[in-house]
Amino acid sequence: MARATSKKPPEEPPDPMPARIDPCVAMLVDKPPKGRDWAFEVKWDGYRLAVHVEPGRVRIITRGGYDWTDRFAPIAAEARLLGHATMILDGEAVVLDDKGRSDFGMLQRALGRKPSLHDPHEILFFAFDLLYLDGRDLRRLPLSERRLLLESIVVVGRASVIRLSEEVEADGEEFFRIACEHGLEGIVAKHREKPYRSGRYGDWQKIKCVLRDSFVIVGYEPSTMPGAIGRLLLAAKKGASLVYVGGCGTGWSHQESLKLRELLDTIKTDKPAVSLRRKGAIFTKPLLVAETEYRAWTDEGKLRHPSFKGIRERADDAELFELG
């Protein structure tokens, strides 16, 4: 009688590694959600990046799909050493101030320097999700399982270029209150049992301590000081158009003002992107975005007490404020 032989079940073929994944985007809400299904993290103030570890190379991809590996070379170098042949980390590149808070302006200044002029450990990457690992697409798993795998690679307390964005075990409202008291931008809430979905669905929610949004720079008013900027002219999206929402005249040093004007003068135009007549204004192509803090909106639909926090390239798909 023939002897039965046991056969191993065939191994599942590996999932193809995505060349790019559109990020899951947090929805802005007024207050933190309640319930044990929600995990909370600090809202980082930097550049959203995906770190792709691939056979033979590492790529660092921005939210808009641009390859910025050269700008974040220390992050790419360290990603090779995490011990996996293929992997996609989702996270944020930041620079921390002396109180441990992320500061977008400091990040911009660090990126603007020659690599030889700053500490390679100055720009950090806080990983908060793991989307692909060793031939397996993890996006269909709930966040709780993805986090366990992430924490086995980027361990809690790791003090290097790539760090873990830690979940905070706390009541959401209490954590939000403490975050605001410590001068943080806000917090993020994530549903533990949801898969990773590209786009904005409410599985991730952000709660801000201050009003802060991205507006297109459509021009500037010169300062009385030679070569400097007096006010930036800002616009928000409304459908397929741009609408002027006011000027911003604070938030930069004199040196930063000179550099900003020099940059804007390279994209001057005679055709304003918004319907606006202002004596002495110099209009620019709508290619750059100003990160702006403000207190409220006026009844006329203009920003109240805006303050400049940094600049982004519009091509990098910065999340522009959209008027309803």
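1. Aromatic pairs. In this predicted model, where local features need pLDDT of at least 70, side-chain atom pairs count only at pLDDT 80 or more, and totals for chains, interfaces and linings use all residues, a search of the whole structure finds twelve aromatic pairs. Rings of Phe, Tyr and Trp (its six-membered ring) pair if their centres lie within 6.5 Å, and planes under 30 degrees apart count as stacked, over 60 as edge-to-face and the rest as tilted. One of the pairs joins Tyr47 and Phe104, whose ring centres are 5.7 Å apart and whose planes meet at 55°, so the pair is tilted. Tyr47 belongs to strand β3 (residues 47–54) and Phe104 to helix α2 (residues 104–112), so this contact ties together parts that are 57 residues apart in sequence. Helices (H or I, at least four residues) and strands (E, at least two) are DSSP runs, numbered from the N terminus. Residues are numbered from 1 along each chain as its sequence is written, and side-chain values use heavy atoms, with hydrogens and water left out.

2. Ring pairs link Tyr47, Trp68, Phe72 and Phe104 into a cluster.

3. Charges over rings. A charge sits over a ring if NZ of Lys or CZ of Arg is within 6 Å of the ring centre and within 35 degrees of the ring normal. Arg312 lies over the face of Tyr47, at 4.8 Å from the ring centre, while Arg197 lies over the face of Tyr201, at 4.1 Å from the ring centre.

4. The largest pocket. The largest pocket holds about 1100 Å³ of space. On a 1 Å grid over the protein atoms alone, a pocket is an open set of points with protein on both sides within 12 Å along at least five of seven lines, a cavity is a set of points where a 1.4 Å probe fits but cannot get out, and lining residues have an atom within 4 Å of a point. Grid points are joined across faces, edges and corners, and a volume is the space filled by probe spheres set on the points. Of the 37 residues that line the largest pocket, Gly105, Gln108, Arg109, Gly310 and Ile311 lie nearest its centre. The elements giving two or more residues to this lining are α2, α5 (254–264), β15 (288–294) and β18. By class, the lining has 13 nonpolar, seven polar and 17 charged residues, where Ala, Val, Leu, Ile, Met, Phe, Trp, Tyr, Cys and Pro count as nonpolar, Asp, Glu, Lys and Arg as charged, and the others, Gly among them, as polar.

5. The second largest pocket. About 720 Å³ of space lies in the second largest pocket, which is lined by 34 residues, with Val25, Lys43, Arg63, Lys206 and Glu319 the closest to its centre. At least two lining residues come from each of β1 (27–28), β2 (38–42), β3, β9 (186–191), β10 (204–208) and β11 (211–222). The lining divides into 13 nonpolar, two polar and 19 charged residues.

6. The cavity. The count comes to one cavity of 30 Å³ or more, and the largest cavity contains about 110 Å³ of space. Its lining consists of 14 residues, of which Ile21, Pro23, Leu49, Ala50 and Ile61 lie nearest the centre. Strand β3 gives the most to this lining, with four residues, and β3, β4 (57–62) and β5 (87–94) each supply at least two. By class, eight of the lining residues are nonpolar, two polar and four charged.

7. Helix α3. In helix α3 (residues 143–153), the buried residues are Leu143, Arg146, Arg147, Leu150 and Ile153. Seen down the axis of α3, these buried residues fall within an arc of 115°, so they line one face of the helix; the arc is that of the directions from the helix axis to the C-beta atoms. Leu148 and Ser152, on the other side of α3, are exposed.

8. Backbone in two loops. Asp134 has a positive phi of about 45° although it is not a glycine, and lies in the loop between β6 (124–133) and β7 (136–137). At 43% relative accessibility, Asp134 counts as partly exposed. His305, also not a glycine, has a positive phi of about 55° and is found in the loop between β17 (303–304) and β18 (307–313).

Terms used:
Buried means under 20% relative accessible area, exposed over 50%, partly exposed in between (1.4 Å probe, protein chains only).
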